[in-house]
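Here is a friendly walk through the structure shown below. Keep the model open beside the text as you read.

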Amino acid sequence: MLLDLLLPIDVAGDLIERTASTPAVLQAMQLSLAPVFLLVGIGSIMNVMMARLIWVAGRIERLDDQLGRGSGTPATPELAWLRDRQKLARRAIMFSTAAAVIISLVIALLFASTYVEAKLGTAITVLWIATVGCLITALVFFFRETLLASRGLEER
């Protein structure tokens, strides 16, 4: 077996013995169920954020093209408003992505904790708190972007 070539015999046998238990795999999957649901939720939120960012970026491009051709009235107030929205949406997506990466690490550690003897609870807790912190920050930026959008250009 390839694993025996890469690892000493005792380590390969021990690794296979630890991971062969179906109940241990089931326990690892059950432990990672809540973080997986959070990851799905983060993905859904990011989908909405990306749609808004794409619309804003498209509108900025159209206005830039109009200004470049010299047609119509100058849209600099609208461009500034759109760029502010774009900046907020980008930050919301950045923090959402960070939350998704961190929660993925939590899932990996929860799964690994079934098979290793090292105590990973503190690391998992810290990463979980970091995930929620990033998610809250992302939602605050998203809230600010939607608030700016709902107020419109006239109230600026």
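Glutamate 78 is buried, because its relative accessible area is 17% and buried means under 20% relative accessible area, with exposed over 50% and partly exposed in between (1.4 Å probe, protein chains only). This glutamate forms a salt bridge with arginine 59, and the closest N and O atoms are 2.9 Å apart. A salt bridge here is a side-chain nitrogen of Lys or Arg within 4 Å of a carboxyl oxygen of Asp or Glu. The pair links distant parts of the chain, with glutamate 78 in helix H5 and arginine 59 in helix H4, 19 residues apart. Helices (H or I, at least four residues) and strands (E, at least two) are DSSP runs, numbered from the N terminus.

A word on the model itself: it is predicted, so local features need pLDDT of at least 70 and side-chain atom pairs count only at pLDDT 80 or more, while totals for chains, interfaces and linings use all residues. Residues are numbered from 1 along each chain as its sequence is written, and side-chain values use heavy atoms, with hydrogens and water left out.

**Salt bridges**

The structure holds 4 salt bridges. Three of them are listed here, including the one already described.

| Salt bridge | N to O distance |
|---|---|
| Glutamate 78 and arginine 59 | 2.9 Å |
| Glutamate 145 and arginine 52 | 2.7 Å |
| Arginine 85 and glutamate 145 | 2.7 Å |

Arginine 52, at 25%, is partly exposed.

The protein has 6 helices and 0 strands. Helix H4 covers residues 33-69; its 37 residues reach 54 Å from the first C-alpha to the last, close to the 54 Å expected at 1.5 Å a residue. That expected span is 1.5 Å times one less than the number of residues in the helix. Among the buried residues of H4 are Ile42, Met46, Met49, Leu53, Val56, Ile60 and Leu63. An α-helix has 3.6 residues a turn, so residues three or four places apart point the same way.

H6 has 31 residues and reaches 45 Å, close to the 45 Å expected. Its buried residues include Leu135, Ala138, Phe141, Phe142 and Glu145. What covers the buried residues of H6 includes H4 and H5. Glycine 152 follows H6 and has a positive phi, near 80 degrees.

Alanine 92 is placed in helix H5 (residues 76-113), and at 0% relative accessibility it counts as buried. Leaving aside residues up to four places away in sequence, alanine 92 touches Met49, Ala138, Phe141 and Phe142, where contact means heavy atoms within 4.5 Å. Alanine 92 and phenylalanine 142 are 50 residues apart in sequence, yet 5.5 Å apart in space, C-alpha to C-alpha.

The structure holds 1 aromatic pair. The rings of phenylalanine 95 and phenylalanine 141 have their centres 5.8 Å apart and their planes at 15 degrees, so the pair is stacked. Rings of Phe, Tyr and Trp (its six-membered ring) pair if their centres lie within 6.5 Å; planes under 30 degrees apart count as stacked, over 60 as edge-to-face and the rest as tilted. Phenylalanine 95 is partly exposed at 24% relative accessibility, whereas phenylalanine 141 is buried at 14%.

**The protein as a whole**

Buried residues make up 28% of the 156 residues in the protein. Among contacts between residues at least 6 apart in sequence, 76% join residues at least 24 apart.
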